[in-house]
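Here is a short tour for anyone who likes to look at rings and pockets before setting up a calculation. Please open the structure and follow along.

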Amino acid sequence: MRYTGQIHPISAEYRNFAVPLSAIRPITAEQAGALYAEFKNPANIRQFGQKETPYPAAVCYYSPPFLREVYAEIGAHIRRFLSFDLVETYYYARLYGPGDELRIHTDRGGCFVSVSLCFGYDYSPMFPPGSAWPLMALADRGKGPEDPVSFPFQPGDGMLYPGCSAPHWREIFLGQRCGQAFFHWVPKDDRLFGEFYGDPKKRG
C-alpha cells in the first residue's frame, strides 16, 4: 500500500526527534472501562459533545475534562520511549457509532507525537464480545509501498505513533459504540515547535 496524500513539512524533524510506531498499554482495562462510562454519560454528551460531518454516528469531544488526568498519565508513560521532553498540545475523543470509519490520513503539526487509546466497546451481532476494531498504520512515512501494521485494540490498549508522518486509518465499525481518544504532544523546542504549542485551532 502507498499513501499519496500530503504529509506536514514538520515531519522532516523526525530524523532528530524519533517517535516509534509501537503498541503500548498505559492504563488498565478497569481504568479504561470507568472512563468509557464518561464517554457515554448523557450529561457529558449534552455539555461537551459535538457532531462532526465525517463521523455521522459519532459524538466528538474536544479536550473533554474527564480525560484531562489520563492525558498527563499517558504523557508520563510515553516519555520512556522518547529521547526528548514533551509539550502538551491537545487531545480529542470520539464515541463512534455504527458505520463510522477513519479514512487514511496523516495529522497536523501539533500531533508530532501521538497516542490513540481504546476505552471500550458496545458490541453487536456483527461485532460480538471479544472483537477488536483495529487501527492500521504505515510505518514507512508513506514513502513507498508497504504492508500496514495492525493494532487490534482492546480497552486500555494504545498505539504510539509519529502522527505527522505515519498514515493511519480504520475500516467501517460494525459495533454499536467505541470510545477512542487521541492525545498529542510536540517536542519541547521553542524554535522548531513553538508555533504548535497550545490550541491547534489557533496554531499549527
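What follows covers a pocket, some aromatic pairs and one serine. Bear in mind that this is a predicted model.

Let's begin with the largest pocket, which has a volume of about 370 Å³. Its lining is made up of 20 residues, and Tyr90, Tyr92, Arg94, Asp107 and Arg108 are the ones nearest the centre. Strands S3 (55-62), S4 (86-96), S5 (102-105) and S11 (177-187) each give two or more residues to this lining, with S4 giving the most, 3 residues. Sorted by class, the lining holds 10 nonpolar, 5 polar and 5 charged residues.

Now to the rings. The whole structure contains 23 aromatic pairs, and two of them are set out here.

| Pair | Centre to centre | Angle between planes | Type |
|---|---|---|---|
| Phe17 and Phe84 | 5.3 Å | 85° | edge-to-face |
| Tyr61 and Phe66 | 5.2 Å | 90° | edge-to-face |

Phe17 sits in the segment before strand S1 (22-24), while Phe84 is in the loop between helix H3 (68-78) and S4, so this pair links parts of the chain 67 residues apart. Phe17 and Phe84 are both buried, and Tyr61 and Phe66 are buried as well. Ring pairs also join Tyr55, Tyr96, Tyr121, Tyr123, Phe127, Trp133 and Phe173 into a cluster.

Where is Ser131 placed? Look in the loop between strand S6 (113-122) and strand S7 (135-137). Ser131 counts as buried because its relative accessibility is 18%, under the 20% cut-off. A polar atom of the Ser131 side chain lies 2.7 Å from the backbone oxygen of Pro128.

Key:
Residues are numbered from 1 along each chain as its sequence is written. This is a predicted model: local features need pLDDT of at least 70, side-chain atom pairs count only at pLDDT 80 or more; totals for chains, interfaces and linings use all residues. Side-chain values use heavy atoms; hydrogens and water are left out. On a 1 Å grid over the protein atoms alone, a cavity is a set of points where a 1.4 Å probe fits but cannot get out, and a pocket is an open set with protein on both sides within 12 Å along at least five of seven lines; lining residues have an atom within 4 Å of a point. Grid points are joined across faces, edges and corners, and a volume is the space filled by probe spheres set on the points. Helices (H or I, at least four residues) and strands (E, at least two) are DSSP runs, numbered from the N terminus. Ala, Val, Leu, Ile, Met, Phe, Trp, Tyr, Cys and Pro count as nonpolar, Asp, Glu, Lys and Arg as charged, and the others, Gly among them, as polar. Buried means under 20% relative accessible area, exposed over 50%, partly exposed in between (1.4 Å probe, protein chains only). A polar contact is a pair of N or O atoms within 3.5 Å; within protein, one must be able to donate a hydrogen and the other to accept it, and residues adjacent in sequence count only if both atoms are side-chain atoms. Rings of Phe, Tyr and Trp (its six-membered ring) pair if their centres lie within 6.5 Å; planes under 30 degrees apart count as stacked, over 60 as edge-to-face and the rest as tilted.
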